[in-house]
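I then turned to the nonpolar cores and to several strands and helices.

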Amino acid sequence: MKRVFAYLGTVMIASLALVGCQSPTPVAPPTSTAAASSVLPDLGGREVTVAVENAYPPFNYIDPATGQGAGWDYAVLNELGQRLHFKPVFQQFGWDTMIAAVADGQFDMAGDGITITDERAEQVDFSIGYIQTNQRLLVALSETRFSTIDDVTSEPNIRLGEQIGTTNYNTAVELVGEDKVVGYDQFGLAVQALIVGDVDAVIIDETAGQGYTGANADKVKLVGDPVKSDALGFIFPKGSELVSAINAGLESMMADGSLDALNAQYFGPEFKAPETAAP
C-alpha cells in the first residue's frame, strides 16, 4: 500500500477496514448537510495546496476524457472542502520527493494513499487513517506459478517490480532481497513491466491494484492472501493547523456514511480506471 502508512488509518474504523477487503458495491455518496458543516471547523475559504502524482489510480489520475485530475483524492478532498470551507488546489508532483516536499512546506498537504509509519511520522504529521488496505500480489493474467507469497519467495530467479520509496518496495526487499527487486519511478511503469514480462510480479496495495486490474483486466490479476496490512492517511508539515480540521472532516464523513460510499465507489469491484489513466 503505498506509502508506508500507519489503500487507505486509512484508518481506523473496522467498517472502513473491511471496505478494501470485501470490495463493496459502489453507491452514490450522500451530500454533506448544513447541520454537519455547522459544527465543523471553518477554514474561511482559504486555498489548500495538495500534492498528488496523478499516476496512482484509484487515488489520482488524469481522466483522458476531460484532461483533468480525478480519483478518490479529488472526490474526498472536494467534499472536505465543502464541509470545512476551503478550496483544494491539486498540484502534480513526483512521489520520490513528495514526503520531503510536504515536510519542507512546499505544499499544505498530500494525498496519494500514503501509508502511516513511525519513520514517516518523524518528518510529517498524519491525519487519522481513512482506510485499511492490504498489500497483495499482482501477476500476469496467464501466470500459474504464483498463488501465494510463499510461491514467490521460493522462486530462485524471481523479479519483483516496485515503485521506489514505497512500503511495497520495502516489503519486497524484506521478502526476496534487494537484488531481486527492480525499482521504478511510478507504479504504472512497474505494472507495464509486468505486462511485458520484464518482471514476474508486483506487490501493490490492494486498493491501487484494483485500479490497475480494472484498467488492464485482460492482462493482470491480484492473487493470494494479503501479504501485509496497512493504514493510509493524508500528510502535512509538522505542526500544521490543518490536521485537526481534516480529522474532524473525515470523522464527519465516517459518521454519515459518505466516506464508506466513496471508498466503495473507488475501491470496489465496479471501479475501472480509464485505460490511459496510468502511464
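**Entry 1. Aromatic pairs.** I searched the whole structure, which is a predicted model, and found ten aromatic pairs. I looked up tryptophan 72 and phenylalanine 267: their ring centres are 5.9 Å apart and their planes stand at 25 degrees; since planes under 30 degrees apart count as stacked, the pair is stacked. Tryptophan 72 belongs to helix H3 (residues 72-84) and phenylalanine 267 to helix H11 (residues 258-267), so I noted a link between distant parts of the chain, 195 residues apart. Both tryptophan 72 and phenylalanine 267 are buried.

I next examined tyrosine 130 and phenylalanine 234, a tilted aromatic pair with 5.0 Å from centre to centre and 45 degrees between the planes. Tyrosine 130 sits in the loop between strand S7 (125-126) and S8, whereas phenylalanine 234 sits in strand S12 (residues 220-236), 104 residues apart. Tyrosine 130 counts as buried because its relative accessibility is 0%; phenylalanine 234 likewise counts as buried at 0%. I recorded a cluster linked by ring pairs, with Tyr56, Phe59, Trp72, Tyr130, Phe187, Phe234 and Phe267 as its members.

**Entry 2. Nonpolar cores.** Which residues of the largest nonpolar core touch the most other members? I found Trp72, Val76, Leu80, Tyr130 and Phe234, out of 48 residues. Helix H10 (residues 242-256) supplies the largest share of this core, eight residues. Apart from it I located another core of 14 residues, including Ala51, Trp95, Val102 and Val124. For valine 76, leaving aside neighbours within four places in sequence, I listed contacts with Phe234, Leu250, Met253, Leu259 and Leu262.

**Entry 3. Threonine 133.** I placed threonine 133 in strand S8 (residues 131-140). Threonine 133 counts as buried because its relative accessibility is 1%. Its side chain makes a polar contact of 3.4 Å with the side chain of threonine 207. Alanine 208 is 75 residues from threonine 133 in sequence, yet their C-alpha atoms are 9.4 Å apart.

**Entry 4. Strands S9 and S10.** I checked the two sides of strand S9 (residues 160-163): Leu160 and Glu162 point one way, Gly161 and Gln163 the other way, and all are buried. S9 runs parallel to strand S10 (residues 181-184), joined by four bridges. Glutamate 162 has glycine 183 in S10 as its bridge partner. Together with helix H7 (residues 167-176), S9 and S10 make a right-handed β-α-β unit.

**Entry 5. Helix H8.** In helix H8 (residues 187-196), I noted Phe187, Gly188, Ala190, Val191, Ala193 and Leu194 as buried.

Technical notes:
Residues are numbered from 1 along each chain as its sequence is written. This is a predicted model: local features need pLDDT of at least 70, side-chain atom pairs count only at pLDDT 80 or more; totals for chains, interfaces and linings use all residues. Side-chain values use heavy atoms; hydrogens and water are left out. A nonpolar core is a set of buried Ala, Val, Leu, Ile, Met, Phe, Trp, Tyr and Cys residues joined through side-chain atoms within 4.5 Å. Buried means under 20% relative accessible area, exposed over 50%, partly exposed in between (1.4 Å probe, protein chains only). Contact means heavy atoms within 4.5 Å. A polar contact is a pair of N or O atoms within 3.5 Å; within protein, one must be able to donate a hydrogen and the other to accept it, and residues adjacent in sequence count only if both atoms are side-chain atoms. Two strands pair if DSSP finds at least two bridges between them. A crossover is right-handed if, with the strands pointing away from the viewer, the path from the first strand over the helix to the second runs clockwise. Rings of Phe, Tyr and Trp (its six-membered ring) pair if their centres lie within 6.5 Å; planes under 30 degrees apart count as stacked, over 60 as edge-to-face and the rest as tilted.
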